[in-house]
Amino acid sequence: MTTMPLGVKTTAHSTGAAARATDLSKVYGEGETQVIALDSVSVEFRQAEFTAIMGPSGSGKSTLMHCMAGLDTISSGSARIGDVELTTLKDKKLTQLRRDKIGFIFQAFNLLPTLNALENITLPMDIAGRKADQAWLDQVVATVGLAGRLKHRPNQLSGGQQQRVAVARALAGQPEIIFADEPTGNLDSRSGAEVLGFLRNSVRELGQTIVMVTHDPVAASYSDRVVFLADGRIVDELRSPTADSVLDRMKRFDAKGRTS
Ligand SMILES: Nc1ncnc2c1ncn2[C@@H]1O[C@H](COP(=O)(O)OP(=O)(O)OP(=O)(O)O)[C@@H](O)[C@H]1O
Ligand SMILES: [Mg+2]
């Protein structure tokens, strides 16, 4: 495989943070049905770092990703992508920022059934009227192992192949940051390992910034850092995780939850 001499992406006045939440709260509903999904969360996602977000179901992981990616509004606090405060942006600017700076990998792939794999990969750029860097696109396609499947439509691809199309789509435009919500949740362990290995390489070799939600300690072990959420708050953090150390930490929370 050839790798391109791409360095770590930096922005003017770079603080090293690709994204940052400060005292971010998200409240759904009101009165008796009110849910505090995020309770004053402060967290920074550094450039060229691979962060995993873990925590029990309902702890606010998807909400955090959606708020940071500008897919949902926040109730209070601040959410920044680079130096841009999302709460100050009007709809049009927010759409533009999402399109130009953010890649999102959803658990349900979100591929368009009528487009083939290649058209799905380049769709965000086509919408933005941007031309893909051909060498980069070739490299992404080769690395996710889709070179022989580019003319296939999603229903002609396996689940793992569809997820790799979604991964390639997020990477193709070289966004500042990629948010991935359980990108390997639907994959068998081998396809999952391929996708995770690819994500990790894009961080190591290309300076891509990635934030990934996962329930799986093995998936988390591909990251540089694990952030643990519980009840809408950040309760712990682990650097250079291994599957065992993540599992250990999860057990500890479990025990605490049961005794309290
Ligand atoms: N649109 C909504 N309206 C009301 N409550 C919501 C909405 N979306 C999420 N919630 C609530 O916010 C809390 C956090 O939800 P979120 O989807 O972020 O959890 P999660 O950590 O991603 O869970 P999972 O692991 O099951 O995906 C939950 O209690 C959920 O019921
Ligand atoms: Mg979720």
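Author: Here is a walk through the packing of H5 and H6, with a stop at Val195. This is a predicted model, so to speak: local features need pLDDT of at least 70, side-chain atom pairs count only at pLDDT 80 or more, and totals for chains, interfaces and linings use all residues. Residues are numbered from 1 along each chain as its sequence is written, chains are lettered from A and ligands numbered from 1 in the order in which they are written, and side-chain values use heavy atoms, with hydrogens and water left out.Helix H5 covers residues 159–172 and H6 covers residues 189–206; helices here are DSSP runs of H or I, at least four residues, numbered from the N terminus. The two pack with axes 10 Å apart, at an angle of about 10 degrees, the axes being lines fitted to C-alpha atoms over the stretch in contact and the angles running from 0 to 180 degrees between N-to-C directions. That makes H5 roughly parallel to H6 (angles under 35 degrees; over 145 is roughly antiparallel, 65 to 115 roughly perpendicular, the rest oblique).

Who meets whom? From H5 come Gly160, Arg164, Val167 and Leu171, and from H6 come Ser191, Glu194, Val195, Phe198, Leu199 and Ser202, with contact meaning heavy atoms within 4.5 Å.

Now zoom in on Val195 in H6. Val195 is buried, at 2% relative accessible area (buried is under 20%, exposed over 50%, partly exposed in between, with a 1.4 Å probe and protein chains only). Setting aside neighbours within four places in sequence, Val195 touches Arg164, Val167, Thr184 and Leu187.
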